[in-house]
Amino acid sequence: MELFLFDISPESPRESFLPLSTNHRSGSVNVTWEPDVTFFIQGLASLGEKKIILFVILLLGYIIILGGNSIIIFVALTDSKLSSPMYFFLSNLSFVDIVYTTTTIPNMLSGLLTHVKTISVPGCFLQMYFFIQLAVTGRAILTVMAYDRYVAICNPLRYTAIMTRPVRLILIAGAWSFGAFCTLPSAAMGWQRSYCGPYVVRHSWCDPSSVRRLVCGDTSVDNIVSLSSAMVSLLTTGVLILTSYVLICVSMSRMGVAQRLKAVGTCAAHLIVVSISYGSASFVYISYRVGNFSPEVRIIVSVLYSALTPFLNPMIYSLRNKELRESIRRTLSSFRPAAVSPRKDVSTLS
């Protein structure tokens, strides 16, 4: 989810269709952005008619993301049988997934339908901030869920006493605070920079590395701060999740076969989601460093990667969790119209 790690858009000539200033970074004049300056989102203009195919695929995926995660939030809030802390954390993760994808996919969808896509400088930085902050917050919530699984398996008798409602709220607040802590330094530095024309963001949204290319001057410090923040967020959450599962494995080694199978079932969905999230991040990072892909392919890969976990989360948890699956079934059946009672035969009344 942390795509701000990747420098995915190599320099390329300016597109002729963009109404841009003739000033270049290599020129003698550096243009500091003013409040009325807008960034031009290059997007996938070179795909031509293929943009419609990508638009349909992204739209269907986005609808599934909204629908699946919204159902999880709804049943977690309304079904009394889903009152355990696990479903509270899962509903928060679904909320983050919805907002996270909403910061990027709608803008990309509109960009696929228009020839030129623009965004104001404040709007660009808001999008960039929430994109990173929600990505880190999602990882932090996965870490909280790993701790919840650790307590449930290693301290089952004290689980209810430990995971009280105040503790759950503190953990979620800590996840959001951690996301803000890892995001604010690089975002604040970027906001204070001066930017040179042409203001072309070579991505489908305000990707941090693409926006950083427009800075007038040296960005070495910005790159170091961004990389440091990314490493802190990735390593902190990754180490804590790994530690939780190591302790779970140690506890499972002392269990009987039946208890061990039950513990595996308890952790399976979360472990699958974590594996997909970190595995896809590693794959994308390595492919960017090893492969020689075009900017369009890298943009598509980054979009699919950022939407992968929010797309799969509802499916994985509903398939692996019987309680959640039954709750969703009950909720959907409650919206069906009641069957019409058969009318009495008139002849019997005569």
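**View 1. Thr-137, a buried residue in helix H4.** Thr-137 sits in helix H4; helices here are DSSP runs of H or I with at least four residues, strands are E runs of at least two, and both are numbered from the N terminus. Skip the residues up to four places away in sequence, and Thr-137 touches Val-96, Ala-175, Trp-176 and Gly-179, where contact means heavy atoms within 4.5 Å.

A quick note on what you're looking at: this is a predicted model, where local features need pLDDT of at least 70 and side-chain atom pairs count only at pLDDT 80 or more, while totals for chains, interfaces and linings use all residues. Residues are numbered from 1 along each chain as its sequence is written, and side-chain values use heavy atoms, leaving out hydrogens and water.

**View 2. H4 crossing helix H6 (residues 165-191).** The two axes come within 8 Å and cross at roughly 150 degrees; axes are lines fitted to C-alpha atoms, for helices over the stretch in contact, with angles from 0 to 180 degrees between N-to-C directions. The contact of H4 with H6 has 21 nonpolar, 5 polar and no charged residues. Nonpolar covers Ala, Val, Leu, Ile, Met, Phe, Trp, Tyr, Cys and Pro, charged covers Asp, Glu, Lys and Arg, and the others, Gly among them, are polar.

**View 3. Helix H1 (residues 50-78) against helix H3 (residues 105-113).** Their axes come within 10 Å and cross at roughly 155 degrees. H1 and H3 are therefore roughly antiparallel (over 145 degrees; under 35 is roughly parallel, 65 to 115 roughly perpendicular, the rest oblique). This crossing of H1 and H3 is left-handed. Among the residues making the contact are Leu-54 and Phe-55 of H1 and Met-108 and Leu-109 of H3. By class, that contact has 12 nonpolar, no polar and 1 charged residues.

**View 4. Phe-39 in the largest nonpolar core.** This core has 73 residues; a nonpolar core is a set of buried Ala, Val, Leu, Ile, Met, Phe, Trp, Tyr and Cys residues joined through side-chain atoms within 4.5 Å. Its largest share, 17 residues, comes from helix H4 (residues 121-154). Beyond its neighbours within four places in sequence, Phe-39 contacts residues including Lys-117, Cys-124, Tyr-195 and Val-211.

Technical notes. Buried means under 20% relative accessible area, exposed over 50%, partly exposed in between (1.4 Å probe, protein chains only). A crossing is left-handed if the near helix is turned anticlockwise from the far one by less than a right angle, and right-handed if clockwise.
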